[in-house]
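Subject: Structure handover and notes

Hello,

Here is the structure for you to work with. Please load it before reading on.

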Amino acid sequence: MEEVAKHTSKQDCWVVVAGQVLDVTKFLGEHPGGELAILTFAGKDATEEFNMIHPPDVIGKYAPDACIGLIGGGGVVADASGAPSGGGVAGGIPMEEVAKHTSKSDCWVVVAGQVLDVTKFLGEHPGGELAILTFAGKDATEEFNMIHPPDVIGKYAPDSCIGMIGGGGGAVDAGGAASGGGVPGGIPMEEVAKHTSKTDCWVVVSGQVLDVTKFLGEHPGGELAILTFAGRDAWSGA
């Protein structure tokens, strides 16, 4: 976040939404809500406010080239080429690696920055194997969002996510450690597990680490429904 915080002007505007670092400089003049609505969050994390008023696919539809990287451990941001800015080490799985997994016996796709190993799911897909294999080794985000609700991966293929797209070579395993010797970006589960109280509550949903402390009292289902998953992955129950 230290790097993101440097980009706060109309000529150089970055914001963070759901862990993605967005360079929205060119989009400012096109934003239906006006420039100020974005500039208010320049250099900051706008996730909470963004999610209140936008559907999940809006970035992909209207600013598909805005994402320049992901927030990583120690404030590291991977740039568009996958190289870390600020001297850090970028985590995640490069698209070059994803592109090697294109067969029925070894099929990876990318959706919303998540690398999914969908090999075991191919035979169960209601739309048939070919619908997925068409995007084997590729980013299927745009097409996926056209026909699927945002929670479908968590419902039907919750174990498919093996990491996030990045530049550093190395997926993040279930414990937050890097596989293949890579250095993971993002927040390790060991850190999430420390935040388990009403005054400091984090949960993980769809690979995103959420600080829901302020939301506890507003949750329609009550505080306990969230606190049950404090410090854990609320999709897998782990």
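Below are the notes, from the whole chain down to single residues.

Ground rules come before the findings. This is a predicted model, where local features need pLDDT of at least 70, side-chain atom pairs count only at pLDDT 80 or more, and totals for chains, interfaces and linings use all residues. Residues are numbered from 1 along each chain as its sequence is written, and side-chain values use heavy atoms, with hydrogens and water left out.

**Whole chain**

The protein chain has nine helices and 13 strands. Both are DSSP runs numbered from the N terminus: helices are H or I with at least four residues, strands are E with at least two. Of the 238 residues in the protein chain, 35% are buried. Buried means under 20% relative accessible area, exposed means over 50%, and partly exposed is in between (1.4 Å probe, protein chains only). The protein chain exposes about 13,100 Å². Carbon and sulfur atoms supply 58% of that area. Areas come from the Shrake-Rupley method with a 1.4 Å probe; for residues, only the protein chains shown count as cover. Now the contacts, meaning heavy atoms within 4.5 Å. Take those in the protein chain between residues at least 6 apart in sequence: 57% join residues at least 24 apart.

**Salt bridges**

Side chains of opposite charge can pair when their charged atoms come close. The rule used here asks for a side-chain nitrogen of Lys or Arg within 4 Å of a carboxyl oxygen of Asp or Glu. By that rule there are five salt bridges.

- Lys6 pairs with Glu3, at 3.3 Å from N to O. Lys6 counts as exposed because its relative accessibility is 58%. Glu3 has 16%, so it is buried.
- Lys100 pairs with Glu97, with the closest N and O atoms 3.3 Å apart. Lys100 is exposed, with a relative accessible area of 59%. Glu97 counts as partly exposed, at 27%.
- Lys104 pairs with Glu129, with the closest N and O atoms 3.0 Å apart. Lys104 lies in the loop between β7 (102-103) and β8, and Glu129 in helix α5 (residues 129-133), so this pair ties together parts 25 residues apart in sequence. Lys104 is exposed at 52%, while Glu129 is partly exposed at 28%.

**Negative patch**

Which residues gather in a patch of negative charge on the surface? They are Asp45, Glu48, Glu49, Asp211 and Glu218. Patch members have over 30% relative accessible area and no salt bridge; like charges are joined within 9 Å, and nonpolar side chains (Val, Leu, Ile, Met, Phe, Trp, Tyr) within 5 Å. Lys and Arg count as positive, Asp and Glu as negative; His and the chain ends are not counted. Each charge is placed at NZ of Lys, CZ of Arg, CG of Asp or CD of Glu. Glu49 sits in helix α2 (residues 47-53). With 35% relative accessibility, Glu49 is partly exposed.

**Val109**

Is Val109 buried or exposed? Val109 is buried, because its relative accessible area is 6%. Val109 belongs to strand β8 (residues 106-111). Leaving out residues up to four places away in sequence, Val109 touches Gln114, Val115, Leu116, Val118, Ile132, Phe135, Ala136 and Lys138. Met95 is 14 residues from Val109 in sequence, and their C-alpha atoms are 9.7 Å apart.

His31 lies in the loop between β3 (20-23) and α1 (35-39). His31 is buried, at 17% relative accessibility. Apart from neighbours within four places in sequence, His31 contacts Ala37, Ile38 and His54.

Glu124 is in the loop between β9 (114-117) and α5. Glu124 is exposed, with a relative accessible area of 55%. Glu124 and Tyr156 are 32 residues apart in sequence and 9.2 Å apart in space, C-alpha to C-alpha.

Thr134 is in the loop between α5 and α6 (141-147). Thr134 counts as partly exposed, at 41% relative accessibility. Thr134 and Thr102 are 32 residues apart along the chain, with 8.9 Å between their C-alpha atoms.

Best regards
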